Amino acid sequence: MESHAIVADRLVKTYGNLVAVSDVSFSIGRGETFALLGPNGAGKTTTIKMLSTLTKPSSGDALVGGYSVVREPLKVRRLIGLVPQDLTADDEMTGWENVLVSARLYGIRGKKAEEEAKRVLELLGLWEHRDRRVATYSGGMRRKLEIAMSLVHSPEILFLDEPTLGLDVQSRRHLWDYVFMLKRQGVTIMLTTHYMEEAEHLSDRVAIIDHGRIVAEGAPEELKSRIRGDRIHVELADPREADKVVSALNELLGPSSVEPASGGQVVVISVQEASSVLPDIIRALTGYRVKSVNVVKPNLEEVFLELTGRSLREESMDPARFRLHLRRLR
Amino acid sequence: MLYETLVLLRREVVKWVNRRPVLVISIVTPLFWILLFGKSFNLLRLISLEAPPFPAPLAEAFQRYVSSLLVELFGTLDYFTYVTSGILVVFALFQSMFSGVSVVFDKRLGYLTRLLVAPIPRGSIFLAKVGGTLFRVTVLSAVLLLIADMAGFRFKEGISIIDLLGAWIVVLLVASGFTSIFSSIAFHINNQEVLFALANLVNLPLMFTSSAIFPVEQMPEWLRSIAVLNPLTYAADLTRYFLVGKEIGDPITGLAVLLVFASASLLAGYHVSVKGMEKD
Ligand SMILES: Nc1ncnc2c1ncn2[C@@H]1O[C@H](COP(=O)(O)OP(=O)(O)OP(=O)(O)O)[C@@H](O)[C@H]1O
Ligand SMILES: [Mg+2]
């Protein structure tokens, strides 16, 4: 037990009839970075909420830092930091005041609280903006402030729920650097994301979650190696042609290796070696309105598609939707 | 618990002081009310002594008569003094409602999430809201009395610090009781409109069925029976007793009623609020 920072044991969360998280178990070693990868509504936030004691599991339990989230939530709270998916800073106060209150809530007193607040504000590059009201911060600055507020008490275990949502490429890189830095310091990190590059790049281990269930778990390389051969994606202009395309390709390649995905917009072909069959495939496709044909090297996106029959990307949130999402919260 | 409550209370105070326009409006509103209510109803002004329409002795006698009538009616020499001493507790009620609204905003803006994941007793979140109201009503009441004094408020003869403390405690009891009620509701809802609707439903009736702006003795029978159940009646009578010297039989009963009201609301509000925080 002691070697594990987090052990989730058959976590279930239901909201009325809706099963948000269903029988989720995994364990995360100390100092490990673990990513929960899944589309919108998969149950990532709900899992994080249970692990961070914000909501009680309907059944099951988890040990975080050796303490039960059900029976010893206060002890768990002392050890963890949480950067929630939605913003939490008080926008009527300054960045400085926000971080300082956070420090004090973790029992850091007097001068020490100010030192720690200064440390994290400098770390996140917000020091010169500390006296501005948070309402005047940009979206990226607000995300950074959330992280500063969650790090001020130097937690052993850090939860990051979609930390890079709405960030531009450069800010995302910066955030990844912070994650690596925390990892070097021995912090256990659990993050959720629906960007598979992010999961692949940052984490030692990934669990893929869909409809509240973990469908695969392992190191990114390990998950990718489950996919043998190549994948060819045929993007169709008219999804109604999908059935005909599938049967035409089945005739050519035999059954079982051709699957429609994304509601017929894409047909996925699994082959040993793409280069040798590609000419035949292209010939078989003449007469259909094809937008593109791509040979795809296996990545987590492929793993997800293989396991769920849906693409991660089509369901992911772009920055514009993210902003809408934020506005709705107001 | 105390330390965490103080940390959060400090946030309440910082936010209130930072919000200049709200601060100004909070002070102007009660002034506006008492000047409007109080001064426009000032019956004594009807018979000014400066240009009496009748012979001076007659005017004086008449004024003495009206004064005694007023004292009998309101227990104070003028309506301005009457209503000012009552409005103190009405504004404690209003400030309590604002506390409830701020709970809903903390929820909606996500700040509550930040507090719930911190290793603090959840009760401190509730207590800080109560403390915030106590701070605000203390400042507002002091400012109100200061300005009322300049506008001709008639404090009782030989008013002492004990009287002022007494009135202060009455206002604090009202604020603790109502803040407990409003915030415990607020911890269970997600929409500030609900709270506003609720406040509309109860605030004005509470005010008009109390002795805050009109004497209970002058009310029709049915209204009077409601008024004696209203904590604001006891509170307004007590502030008037302490500040103006109005005769009210027995101040201890009133204080006891308020004390029971405040502690019962605090106790229930504490538990109901913490329950609300645990909800999904
Ligand atoms: N408080 C709640 N009440 C009712 N249903 C909820 C609640 N919270 C979450 N759900 C539902 O549970 C499911 C999982 O939601 P969750 O927020 O965990 O998904 P997620 O993986 O974090 O998605 P996203 O990528 O959009 O953040 C969804 O269907 C959601 O509608
Ligand atoms: Mg989420």
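This is a predicted model: local features need pLDDT of at least 70, side-chain atom pairs count only at pLDDT 80 or more; totals for chains, interfaces and linings use all residues.

Biologist: Okay. How far is the side chain of A:Gln85 from an oxygen atom of ligand 1?

Modeller: An N or O atom in the A:Gln85 side chain sits 2.9 Å from a ligand 1 oxygen. A:Asn40 also has a polar side-chain atom 2.9 Å from an oxygen of ligand 1, and for A:Thr46 the distance is 2.5 Å.

Biologist: And how much of ligand 1 does the protein cover?

Modeller: On its own, ligand 1 has 640 Å² of accessible area, and the protein covers 67% of that.

Biologist: How many residues surround ligand 1?

Modeller: There are 13, and the closest are A:Gly41, A:Lys44, A:Thr45, A:Thr46 and A:Gln85. By type, the shell splits into five nonpolar, six polar and two charged residues.

Biologist: Which element gives the largest share of that shell?

Modeller: That's α1(A), with three residues. In chain A, β2 (18-29) and α1 (44-51) each supply at least two.

Biologist: Switching to chain B. Which residues form the nonpolar patch on the surface?

Modeller: B:Ile161, B:Ile162, B:Leu164, B:Leu165, B:Trp168 and B:Ile169, together about 580 Å² of accessible area.

Biologist: Where does B:Leu164 lie, and why does B:Leu164 count as partly exposed?

Modeller: B:Leu164 is in helix α7 of chain B, residues 161-186. B:Leu164 counts as partly exposed because its relative accessibility is 36%, and that class runs between the buried limit of under 20% and the exposed limit of over 50%.

Key:
Residues are numbered from 1 along each chain as its sequence is written. Chains are lettered from A and ligands numbered from 1 in the order in which they are written. Side-chain values use heavy atoms; hydrogens and water are left out. Patches are made of residues with over 30% relative accessible area and no salt bridge: like charges are joined within 9 Å, nonpolar side chains (Val, Leu, Ile, Met, Phe, Trp, Tyr) within 5 Å. Accessible areas come from the Shrake-Rupley method with a 1.4 Å probe; for residues, only the protein chains shown count as cover. A salt bridge is a side-chain nitrogen of Lys or Arg within 4 Å of a carboxyl oxygen of Asp or Glu. Helices (H or I, at least four residues) and strands (E, at least two) are DSSP runs, numbered from the N terminus. Buried means under 20% relative accessible area, exposed over 50%, partly exposed in between (1.4 Å probe, protein chains only). A residue is near a molecule or strand if one of its heavy atoms lies within 4 Å of it. A polar contact is a pair of N or O atoms within 3.5 Å; within protein, one must be able to donate a hydrogen and the other to accept it, and residues adjacent in sequence count only if both atoms are side-chain atoms. Ala, Val, Leu, Ile, Met, Phe, Trp, Tyr, Cys and Pro count as nonpolar, Asp, Glu, Lys and Arg as charged, and the others, Gly among them, as polar.
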